Structures are given as structure tokens and as C-alpha cells.
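Hi,

Here is the model we talked about. Have a look at it first, and then read my notes below.

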Amino acid sequence: MNDREVLTSAFKFHGHICWASAVGVRAGLAALRELGVRRAGSSADLHCIIEIGNNHGAQCFADGVQYATGCTFGKGNIEKAGWGKLAFTLIDKRKERAVRVSYRPGRHNLISQSAFMKKRALGVPPTEIPEEEAQEVVNIIWDAPEDEVLSIGEVKAYPWEGHGEIMGLRPCDNCGEMVSVAYLRVVGDRHMCIPCSGYCQ
Ligand SMILES: [Zn+2]
Ligand SMILES: [Zn+2]
């Protein structure tokens, strides 16, 4: 896939076309290039600490980063710092090196003034905005020189202390649903999932 194809596929995964997920894709691809690595195929390769928070605009950034880097919620190789920022640190676990990439607002006035963002500000969901208007804002990001939309830090040493993956599932003795063995709790002589056990965690 070339970069534009990665972007198109990322929008399919994300659910709509938007500038913030495009920044995420562009930033994710730049981080892979800086580290000289490929998209993570397993959780052994890369780890991402992404700085978005909850319930704020432009969180869509994270879907672009996940799609481009292969650091995903399901693999457990991405975590949220919760700072409300469009930035992340990508760690190459094998070489113990990392790079931080953040959104640089060199074209942000063009984005703010776009028909897309005016509608978003009025509460129109992105799925109800014409595709051409969304694409116009994506192109502002995609066609800009890299240093106007991304700030790329130096590749630095990042010691990685691996936590091995815990294998094994077994059914809860109460509800019968499968649970990772690490999450079973002992209640008398039975092994239960956390909600059935009554324990908080
Ligand atoms: Zn979006
Ligand atoms: Zn249960």
C-alpha cells in the first residue's frame, strides 16, 4: 500500500473522512519512518503512548495512529496518557528506541475556517457532511509540507521492560463465560470472573 492507500483504508476503518484521523495517519507513518520500522504485526514489535484524553474534539487522531502504526487496543500495544493532546510516543521495543510526534498547527487557521469545521462547530456529525467538504480539509493536511503539520522529535533511547503476555482462558465457574486466567478470582473453592466474584478488581 502506498501512503494514500493507507489513508483511504484508515478512513474505512475509522468510519468517516476527517482531518484529525488524517493527521494521525501522517504522524504514524512519519514515526515508522523515523524509527526505521514497519507497522506492528504483533505486540512484540512496537508500543505507543498516545496523549489524547476523553470526550474532546480531534480524538479521531488516535484511529489514524492505530491504523498506520498497527498499535491497537486489541493487541494491547497502545495506551492513553489522557492529556488531551494530538501527540504520541512510538517505541521500538526490540531496539529500545522511541520517537515523539505531535500535531503542529501550521495550517490550522485554514482548517478552522473550512466548511467542514464550521458545520462541526454547529454540531453536525462528520458522517452528515458532504464527502468533498471533508476531503478538502484532509487535503490541507495531506498536501502541506511535513514540518507545517508535524513536529517530529529526535529518536531517543527508551529502555523497555517487557511484561510477558499471559496465555490461557477458562470459563468462570458462575457465568460460564471465558476469562483470561490472570483475571479469575477465587471465591471459596470456585474460580470466577471479576463481575461474578463481587471483587472490585
Ligand atoms: Zn474522525
Ligand atoms: Zn462470571
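In which sense do strand 4 and strand 5 pair, and over how many bridges? They pair in the antiparallel sense over 3 bridges, with strand 5 covering residues 150-152; two strands count as paired if DSSP finds at least two bridges between them. Within that pairing, Ser 102 has Ser 151 as its bridge partner.

Before the rest, some housekeeping. This is a predicted model, where local features need pLDDT of at least 70 and side-chain atom pairs count only at pLDDT 80 or more, while totals for chains, interfaces and linings use all residues. Residues are numbered from 1 along each chain as its sequence is written, chains are lettered from A and ligands numbered from 1 in the order in which they are written, and side-chain values use heavy atoms, leaving out hydrogens and water.

Back to strand 4 (residues 97-103). With strand 3 (residues 87-92) it pairs in the antiparallel sense over 6 bridges, and Ile 91 sits opposite Ala 98. Strand 4 is largely enclosed by the rest of the structure because 5 of its 7 residues are buried (buried means under 20% relative accessible area, exposed over 50%, partly exposed in between; 1.4 Å probe, protein chains only). Helices (H or I, at least four residues) and strands (E, at least two) are DSSP runs, numbered from the N terminus; the protein chain has 8 helices and 10 strands.

Now the metal. His 14 (NE2), His 16 (NE2), Cys 18 (SG) and Cys 60 (SG) coordinate the zinc ion (ligand 1) at 2.0 to 2.3 Å. Donors are N, O and S atoms within 2.8 Å of the metal (3.2 Å for Na, K and Ca), and water is not among the atoms, so sites may look incomplete. The angles between the 4 donor atoms run from 93 to 122°, so the arrangement is tetrahedral (for four donors, all angles between 85 and 135 degrees). Cys 18 lies in the loop between helix 1 (3-14) and helix 2 (19-35), and Cys 60 in the loop between strand 1 (46-50) and helix 3 (61-69), so the pair ties together parts 42 residues apart in sequence. Cys 18 is buried at 4% relative accessible area, while Cys 60 is partly exposed at 21%.

Cheers

Terms used. Tetrahedral: all angles 85-135°; square planar, octahedral: opposite > 155°, others 65-115°.
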